[in-house]
Amino acid sequence: MTYSQRLSDGVNSSDIIYLEHQIGTTKEELRIALEKQETYKRELSELKSSPIGNASKVGLDEQVLIEKASQTQNLIEILSAQLGQLQEALAKLGD
């Protein structure tokens, strides 16, 4: 049962519904970011294990993948913190 289904007296249901929606959206964004992170890790591993044909191109590709993985890791951390804050706010409203 969701918080919106367990409304206590005096709690604005639109606030709870909004928070539930934000939590769902954030979870989906986090899931996508985690999938991207795994893809970048896999591609980087494949790149490192492939026979080196053009060392400068491999180095550049590796650098790009490392940067993308780093940016995605930062996004994961931000989304995780945001999700925690949203869940905390929802819990406070639900009490």
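**View 1. Helix 1, end to end.** Helix 1 has 37 residues, so at 1.5 Å a residue it should span 54 Å. Its end C-alpha atoms lie 54 Å apart, in agreement with that expectation. The model is predicted. Helix 1 covers residues 13–49.

**View 2. The whole chain.** The chain has 95 residues, and 21% of them count as buried. Take the contacts between residues at least 6 apart in sequence: 72% of them join residues at least 24 apart.

**View 3. Buried positions of helix 1.** The buried residues here are Ile16, Leu19, Ile23, Thr26, Leu30, Ala33, Gln37, Tyr40, Leu44 and Leu47. Two of them, Ile23 and Gln37, are taken up in the next views.

**View 4. Isoleucine 23 and its contacts.** Isoleucine 23 sits in helix 1. Its relative accessible area is 8%, under the 20% cut-off, so it is buried. Beyond its neighbours within four places in sequence, isoleucine 23 contacts Leu83, Leu86, Gln87 and Leu90. Glutamine 87 is 64 residues away from isoleucine 23 in sequence. In space, the C-alpha to C-alpha distance of this pair is 7.0 Å.

**View 5. Glutamine 37 and its contacts.** Glutamine 37 also belongs to helix 1. Its relative accessibility is 7%, so glutamine 37 counts as buried. Setting aside residues up to four places away in sequence, glutamine 37 touches Ala69, Thr72, Gln73 and Ile76.

Key. Residues numbered from 1 in each chain as written. Predicted model: local features only at pLDDT ≥ 70, side-chain atom pairs only at ≥ 80, totals over all residues. Heavy atoms only, no water. Helix = DSSP H or I, 4+ residues; strand = E, 2+ residues; numbered from the N terminus. Buried < 20%, exposed > 50% of the residue type's maximum accessible area, 1.4 Å probe, protein only. Contact = heavy atoms within 4.5 Å. Expected span 1.5 Å × (residues − 1).
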